[in-house]
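Subject: Structure handover

Hello,

Here is the structure you asked for. My notes on it follow below.

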Amino acid sequence: MFKGLIGKKIGMTQIFDENGAAVPVTLIEAGPCYVTQVRTPDKDGYTAVQLGYEEVKPKRLSGGELGHLKRNNVPPLRFLREFRSKDPQVQEGDTVQLAEMFSVDDHVDIVGTSKGRGFQGGVKRYHFRGGPKTHGQSDRLRAPGSRGSGTTPGRVFKGARGPGHMGDDRVTSQNLKVALVDGERNLIGVRGAVPGPRGGLVILKEARKQ
Amino acid sequence: MNDILKSVEAPVNQDIPELAPGDSVSVHVKIKEGNRERIQEFKGIVLYTHNNDGNSSTFTVRRVASNGVGVERTFLTRSPRIAKVVVERHASVRRGRLYFLRTLTGKAARLKQKY
């Protein structure tokens, strides 16, 4: 069956498990989501489910977006995301709820957009070691060092690590254990951290490495 | 803190009174041995309390064990493993964190009682 949801990161806290041990959890408000489209091999060449999340005023959307949603009698939604699924078993226009997808002790993968760090040096971005601090050094402490060889090849290879923009990337946290599910409030708590700021959009999927 | 975050927190244990640095306390900790559950007491002086809001609040108790070895233990205030805390004595102290007790032993490590 298809498993996947769109949600918002609320923040981190601790909860106590049945043994009284403190567990670090990230709370996510997930769903309810609408099935806005089902992709089929005949029509689209692959199988997938398109979900929509967070109702908005109709004037926030373009005419094309409104028409797409209206076709399946779904309210205006801010976010649309597609999930690959071999055997969806859902219909266009359905709503999907957190409680029927994930339960405590399941494992999930969570996709988010990491916090933007701006232009960062090599030490912070790629854990370069930097230069020596002492022995007469003046400005080498966080320097990136060499970027490659000399006359041959005479250029820097593409993809060489160095200073540059860090963060604001799509990041997946795999195999997070579900510690708490509140179906009434569409609230899920997963053990550990989740990429992105509080209030950031996250996508929940079934853990692919289980 | 966010209201939704607050809503998943453990309830406040009514058997834990407000703790202050310098209090002589006896912490009753639930310990599981196989299927049996028993209570162990940890008696000492509260060195400091931390983060007094929500699930992550803690307090640290110092006790001088045999041979004058100091033992410090930090408890999560909202943990279900704590049955209750009994305050035996309040002391008048002028600091929020009583780190100075670590270097003192015997008579010098006494605190003045607060009435």
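Which residue in E2(A) is the bridge partner of A:Lys8? The partner is A:Glu29. Please keep in mind that this is a predicted model.

Chain A. Strand E1 (residues 4-16) and strand E2 (residues 22-30) of chain A run antiparallel and are joined by nine bridges. Both belong to a barrel of six strands, closed in the order E1-E2-E11-E10-E7-E12 with antiparallel pairing. From one strand to the next, the twist averages 50 degrees.

Also in chain A, strand E3 (residues 33-39) contains A:Arg39. With a relative accessibility of 18%, A:Arg39 falls under the 20% cut-off and therefore counts as buried. The side chain of A:Arg39 makes a polar contact of 3.5 Å with the side chain of A:Asp44. Leaving aside residues up to four places away in sequence, A:Arg39 touches A:Asp44, A:Tyr46, A:Thr47, A:Ala48, A:Gln50 and A:Glu82.

Chain B. Here there is an open sheet of five strands, ordered E4-E3-E2-E1-E5, and the pairing is antiparallel. Strands E4 (70-76) and E5 (82-89) of chain B are at the edges; each has a single partner strand, so one side of each lacks a neighbour in the sheet. Neighbouring strands of this sheet are turned against each other by 40 degrees on average, direction ignored.

Within that sheet, five bridges pair strand E2 (residues 36-50) of chain B with strand E3 (residues 58-64) of chain B in the antiparallel sense. B:His50 stands opposite B:Thr58 in E3(B).

Regards

Conventions
Residues numbered from 1 in each chain as written. Chains lettered and ligands numbered in written order. Predicted model: local features only at pLDDT ≥ 70, side-chain atom pairs only at ≥ 80, totals over all residues. Heavy atoms only, no water. Pairing = 2+ DSSP bridges. Helix = DSSP H or I, 4+ residues; strand = E, 2+ residues; numbered from the N terminus. Axes fitted to C-alpha atoms, helices over the stretch in contact; angles between N-to-C directions. Buried < 20%, exposed > 50% of the residue type's maximum accessible area, 1.4 Å probe, protein only. Polar contact = N/O pair within 3.5 Å; in protein donor to acceptor, adjacent residues only side chain to side chain. Contact = heavy atoms within 4.5 Å.
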